[in-house]
Amino acid sequence: MKNKKCILVWLMAAVLLFGACGSSKKETPVRDYQICYEACPEAAYSAAEWLSADGRLDFPFVLEEPVPNASRDEMFARFYIPEEALKQAETKDLLQLVKRYPRSGLTAFYLYNEPSHYLNYVTQTFNAVDEFYSRKDFAETLLQTYMAEEMLPAQSFADKEEQTAYDKERNAGANGIMLLEVMLAQDVVFEELDDGQRRQVLEEVIAKDRIRDEDDRYGRCSGFFASVKELHEAGGSRWYDYIAESEPEWTVYLNEYWENHYWP
């Protein structure tokens, strides 16, 4: 019996040890942005270049301009923000960069995959995302930023160049809003907000969804509802349960929307 007890204790210790090893690996993943930076450090900008004269974080290059003949590693190494600049940045400035990141065109393909693919790709290739989630005020900042975002209305201009520029800005803004919605839909955000803030999220998401409904140029592409539904079907979503329990009539936004947008 004594031997059996010893074996049992050893097995339990082994399970805890391997579990600890596994969790530590999850906490420190090797991101694509680190791999790209290490492959092409010469393509990266210095911390001083990422910080403006007043210490605010901003892109040190024109975001929409492609780099001719650049390799994949070089393209993504440009977006590597040095640790010094990351730590000095305000949380709201980090989120502004994350929101604008899709304007680079590097995420366009993943925009049309599952919402989780979109967020994962942005997280893997831009280190501002990991830094943003490490901040204590990330959820509140995300909510405030999303509520302040306005979806530009459709407009017609006589000048073709002016029309093209406006439509480009409108679409880029819509894609940035969609990324914020995908981020808001994550359980980690739900857990950081109080009940009043959660209702603010839902009310604002629904308000923006109604704008999309009335403006066919935007299409039915709410990142929030798509993400919540995807997470629910993949194993569970705190947001989905919250909606079903507190506002069951709002589940129509999940169920009807899921059948009509471009995410499968």
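Is tyrosine 45 buried, partly exposed or exposed? Tyrosine 45 is partly exposed, at a relative accessible area of 24%. The cut-offs are under 20% for buried and over 50% for exposed, with partly exposed in between, using a 1.4 Å probe and protein chains only.

This is a predicted model, in which local features need pLDDT of at least 70, side-chain atom pairs count only at pLDDT 80 or more, and totals for chains, interfaces and linings use all residues. Residues are numbered from 1 along each chain as its sequence is written, and side-chain values use heavy atoms, with hydrogens and water left out.

**Overall make-up**

The chain has 16 helices and zero strands. Both are DSSP runs numbered from the N terminus: helices are H or I with at least four residues, strands are E with at least two. Of the 264 residues in the chain, 44% are buried. The accessible surface comes to about 14500 Å², and carbon and sulfur atoms hold 52% of that. Areas come from the Shrake-Rupley method with a 1.4 Å probe; for residues, only the protein chains shown count as cover. Contact means heavy atoms within 4.5 Å. Among contacts in the chain with a separation of 6 or more, 76% join residues 24 or more positions apart.

**Aromatic pairs**

A search of the whole structure gives 22 aromatic pairs. Rings of Phe, Tyr and Trp (its six-membered ring) pair if their centres lie within 6.5 Å; planes under 30 degrees apart are stacked, over 60 edge-to-face, and the rest tilted. Two of the pairs are tabulated here.

| Pair | Centre to centre | Angle between planes | Class |
|---|---|---|---|
| Tyrosine 45 and phenylalanine 61 | 5.3 Å | 35° | tilted |
| Phenylalanine 132 and tyrosine 133 | 5.7 Å | 65° | edge-to-face |

The pair of tyrosine 45 and phenylalanine 61 links distant parts of the chain, 16 residues apart. Tyrosine 45 sits in the loop between helix H2 (32–39) and helix H3 (47–50). Phenylalanine 61 sits in the loop between H3 and helix H4 (72–77). Phenylalanine 61 is buried, because its relative accessible area is 12%.

In the other pair, phenylalanine 132 counts as buried at 0% relative accessibility. Tyrosine 133 is partly exposed, at 23%.

Ring pairs also build a cluster. Its members are Tyr45, Trp50, Phe59, Phe61, Phe79, Tyr101 and Phe126.

**Alanine 47**

Alanine 47 lies in helix H3. Its relative accessible area is 9%, so alanine 47 is buried. Beyond its neighbours within four places in sequence, alanine 47 is in contact with Pro82, Glu84 and Ala85. Glutamine 88 is 41 residues from alanine 47 in sequence, and their C-alpha atoms are 9.6 Å apart.

**Cysteines**

The structure holds zero disulfides, a disulfide being a pair of cysteine sulfur atoms within 2.5 Å. Cysteine 36 is in none; the nearest cysteine sulfur, in cysteine 40, is 7.6 Å away. Cysteine 36 is buried at 2% relative accessibility, and cysteine 40 is buried at 8%.

**Helix H11**

Helix H11 covers residues 160–184, which is 25 residues. The expected span is 1.5 Å times one less than the number of residues. That should give 36 Å, and the end C-alpha atoms are 36 Å apart, so the two agree. At the start of H11, a side-chain oxygen of aspartate 159 comes within 3.2 Å of the backbone nitrogen of glutamate 161.

Definitions and conventions:
Polar contact = N/O pair within 3.5 Å; in protein donor to acceptor, adjacent residues only side chain to side chain.
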